[in-house]
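Please consult the sequence and the structure below while reading.

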Amino acid sequence: MGQAGEVRAAIDPAASMSGPDGAMVAQARAAGISLPSQGGALSKAGRALADTLQAERPRWFLWIPVFLGLGIAAYFSLAWEPPFVLAAGLAAVALALRLIWHRSLTAALTTSALLAITIGFGLAKLRTEWTRAPVLERTLYRADVRGIVELVEPRPARGERITLRVTSIDAIEASKLPLRARVRTMVTTPGLKPGDAIRLKAKIGPPAPPSLPGDYDFARAAWFQRLGATGYALAKAEIETPGVPGAAVSLGERWAVFLEDLRQRIGERVAAALPGERGAIAAALITGARGAITETTNAAFRDSGLFHILSISGLHMVVMAGAAFFGVRKLFSLIPYIALNYPVKKWAAAAALVAAFAYLNISGSSVATVRSAVMIAIIFFAVLIDRPALAMRNVALSALLILVVMPESILDAGFQMSFAAVMSLIAVYEVLRARGEDENRLPVTALRKTGLFFGGIVMSTLIASFSVAPLAAYHFHKTQQFAVLANLIAIPICNVIVM
């Protein structure tokens, strides 16, 4: 009967009531499937659904991260912490249903979706337990805090924000010590760098819960950073042991200290060459450290719809990795022997992967940057294995990997908005590419190239703006009316000159 007929019969057994496939009706009835009347509206709807599902078969994979995300969202929506046995039990039941009830297409799709949802629920619970670390139980008003500096972030007015790996807090026993603490200082400590062991007097307490029901939950975000205390210093920090102390003995800790020290030195050199606000913005584009940018500038970028320029994400990764890819490819193409005998495109893709990984490390590896690096890596890996680079399947695979490793990303506004924008852009351009074959025969002129360049910026901005507008309104309670005009002016400057 063919694959399409089998799918139609699985959903609409009445479609095979006559002819050589009549035996399928008996099988469907034996399986307990009710048969609609032949030729009725329900029968036609079943056949239409079967045809639609069969036509979308290559895109079934795209729904896996969607259902996985539903399970993760269900976990975080609970007002109580479910036991691990519940999460494991739900996944086991869903797996059993998938193995038992899979004879028809409807059953296979339903049980597969249910299995993905329960796996997402279990991944969120597993991530919560994996990152579990002590949280300070009460506020301490004059605590003597000792720790090892992990991150130093300058502030626009004065002082700095220090993230510590806590080694001791007076009056707190070792088993209840938070793993990390974040302390705001009003006075800059000269020479302070990652790896230094410091001591300071501070008012610290547990991370703050949401100010309003449904508001941003800093305490939850801090949990997944293993940040168990926040506060501010009452005096200047004292450096007890400079450099990498004996406590930081593991290779991972030393690598982290090295990277943070490198980022700090890059930021200092940029600030020395470009003092003031320009240097703060330049440092943010290179190292991801936005602490020195004033709130006025942040608000201007945010209100104009250009805040994504300050946050190292897809735009910066694409420009940097793309420049490495095309630069290496052009370099090899200048040597005819290499260009004609070796896969220079794949060599360029490998070089772009290395460049993206290096940029990820010096940019601070924030969630948005990691997400962009994963997508870039999948795109260039597709080039290495001769697959289409820009495809919806690659976006779905990126989302799947991020949700598996960091399920809490589903709650992040950046995650939601970036994937909404990317999916919308790829979907629209897939349709335009399918319908634009005739236009590709037109002669390529400088005027047409210019029109396509700026027209692409306008259209891409409109598509991205419409796709993220509901999310922006939900998370930030505002919209950017000048986003199209601002991006039309700023994006070419950022791509061609700044980056």
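Arg146 is partly exposed, with a relative accessible area of 26% (partly exposed lies between buried, under 20% relative accessible area, and exposed, over 50%, for a 1.4 Å probe and protein chains only). The model is predicted, so local features need pLDDT of at least 70 and side-chain atom pairs count only at pLDDT 80 or more, while totals for chains, interfaces and linings use all residues. Residues are numbered from 1 along each chain as its sequence is written, and side-chain values use heavy atoms, with hydrogens and water left out.

- Arg146 and Glu240 form a salt bridge at 3.2 Å, N to O (a side-chain nitrogen of Lys or Arg within 4 Å of a carboxyl oxygen of Asp or Glu).
- Because Arg146 lies in strand 1 (residues 140-154) and Glu240 in strand 6 (residues 238-241), the pair ties together parts that are 94 residues apart in sequence.
- Strands (E, at least two residues) and helices (H or I, at least four) are DSSP runs, numbered from the N terminus.
- Glu240 is partly exposed, at 39% relative accessibility.

**Pairs within helices**
- Lys125 and Glu129 form a salt bridge, with their closest N and O atoms 2.8 Å apart.
- These two residues stand four apart in helix 6 (residues 105-130), so about one helical turn separates them.
- Lys125 is buried at 3%, whereas Glu129 is partly exposed at 29%.
- Arg263 forms a salt bridge with Glu260, three residues away in helix 8 (residues 251-273).
- Arg263 is buried at 10%, and Glu260 is buried at 17%.

**Network and total**
- Shared partners join Glu81, Lys125, Glu129 and Arg132 into one network of salt bridges.
- The whole structure contains 14 salt bridges.
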